[in-house]
Amino acid sequence: MTSTSILCPHCQQFLDRDPARRNSLACPDGHRFDAAKQGYFNFLTGKGTNFTEDSAGMVAARDAFQARHHYRPLATAITLAATEATATPYRILDAGAGTGYYLGVLIDALAGNDTEALALDISRYAMRRAAKVRRTTAVVWDVWRRLPTADASRDVVLNCFAPHNADEFRRVLAPGGVCLVVTALPEHLEQVRSPLGMLGIGQDKESQLVSRFADTGLELTGSRELRYPMQLDTEDLFNLAFMGPAGHHLDPDRLRHTVRELGPQQVTAAFGIYSFA
Ligand SMILES: C[S@@+](CC[C@H](N)C(=O)[O-])C[C@H]1O[C@@H](n2cnc3c(N)ncnc32)[C@H](O)[C@@H]1O
Ligand SMILES: [Zn+2]
């Protein structure tokens with residue numbers, strides 16, 4: 001048996017990986033999780049665990065948009081923030097990881113080191129993709145619950161455009177580690193939000209974020225704003241609208257029509273990257 005750093009969601013004991021059954025995790029009490037054929041684990045089993053997850057179409061749109069690297073400057077900035085803040089950024093947790101795009105860029109940058117990552121997301125379709133990121137265990141989980149990793153077990157906690165469970169981030173952060181929270185600034189995508197039906201994306205004000213984390217004992221140790229223009233064609237615009245929360249409600253046919261009418265656009269990307277320790 002090989003011990004992992006992942007905790008059993010039922011009894012909080014470490015899960016072991018059976019070398020003979022690489023796709024299976026088990027705890028000493030006999031709770032066992034078998035990977036889906038796409039390689040991810042689902043810890044959200046049983047009653048009361050029906051969530052509105054991002055659909056297959058929404059996750060495919062996110063993957064396609066990210067594959068064109070419009071958010072690559074953000075991925076580079078996240079990697080820099082992680083490697084500058086901690087000397088040993090090797091044990092990573094990505095809470096609300098989506099496809100694992102930012103995690104993958106960070107892991108590639110750390111190549112050759114003893115990197116080990118846990119990606120958590122409530123969407124099975126997202127975890128199918130994140131399971132392909134190397135050195136990563138992808139687990140379907142609700143980040144508002146107790147996170148399936150031990151106290152002080154993570155050098156980097158990554159949290160991009162996803163719910164911030166500050167208490168749990170604090171619990172799992174190792175001494176000398178960093179929690180990186182990425183949010184969209186108010187002017188993010190301002191040129192196309194309204195025409196593409198993307199209204200209602202909540203904005204996190206820096207002051208609110210800081211006070212929420214301060215309540216847990218985590219302090220803001222660095223903050224950076226990143227702004228740049230993106231040249232987006234109609235396919236990008238479709239994916240951009242469909243990959244976000246609006247994707248739950250948008251009619252794809254009508255959206256295709258809207259982006260064709262709109263035509264290619266120059267759109268502002270604007271992000272805040274906040275480091276807590
Ligand atoms: C806007 S996406 C960002 C994904 C990824 N971090 C990225 O930037 O590409 C938000 C993600 O949070 C996930 N999410 C929302 N609520 C969640 C929860 N309670 N627990 C875990 N994941 C959640 C969604 O499924 C989605 O993948
Ligand atoms: Zn157990």
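Modeller: The part to look at is strand β6, residues 91–95, which is mostly covered, with five of its five residues buried. This is a predicted model, and the protein averages a pLDDT of 93, with 96% of the residues scoring at least 70. Mean pLDDT is lowest among the elements in strand β1 (residues 2–7), at 83, and highest in helix α5 (residues 166–172), at 98.

Back to the strand itself. In a regular strand, side chains alternate between the two faces of the sheet. In β6, R91, L93 and A95 lie on one side and I92 and D94 on the other, and all of them are buried, which leaves both faces covered.

Next come the strands beside β6. Strand β7 (residues 116–121) runs parallel to β6 and is joined to it by five bridges. In this pairing, R91 stands opposite E116 of β7. Strand β9 (residues 154–160) also runs parallel to β6, and three bridges join these two strands.

The buried residues are Y101, Y102, L103, G104, V105, L106 and I107. They pack against β6, and also against β7, β9, β8 (136–140) and the helices α1 (56–67) and α2 (72–85).

Then there is the ligand. The shell around ligand 1 holds 20 residues, of which G96, G98, I122, C160 and A162 come nearest. One of these, C160, falls within β9, residues 154–160. By type, the shell divides into eleven nonpolar, four polar and five charged residues.

Is R227 buried or exposed? R227 is exposed, because its count of other C-beta atoms within 10 Å is 12, and a residue counts as exposed at 12 or fewer. Apart from neighbours within four places in sequence, R227 is in contact with T268, A269 and A270. R227 and H69 are 158 residues apart in sequence, while their C-alpha atoms are 15 Å apart in space.

To return to the request: β6 has both faces covered, and it pairs with β7 through five bridges and with β9 through three.

Technical notes: Residues are numbered from 1 along each chain as its sequence is written. Chains are lettered from A and ligands numbered from 1 in the order in which they are written. This is a predicted model: local features need pLDDT of at least 70, side-chain atom pairs count only at pLDDT 80 or more; totals for chains, interfaces and linings use all residues. A residue is near a molecule or strand if its C-beta atom, placed from the backbone, lies within 6 Å of it. Ala, Val, Leu, Ile, Met, Phe, Trp, Tyr, Cys and Pro count as nonpolar, Asp, Glu, Lys and Arg as charged, and the others, Gly among them, as polar. A residue is buried if 20 or more other C-beta atoms lie within 10 Å of its own, exposed if 12 or fewer, and partly exposed in between; C-beta atoms are placed from the backbone. Helices (H or I, at least four residues) and strands (E, at least two) are DSSP runs, numbered from the N terminus. Two strands pair if DSSP finds at least two bridges between them. pLDDT is the predictor's confidence in each residue, from 0 to 100. Two residues are in contact if their C-beta atoms, placed from the backbone, lie within 7 Å.
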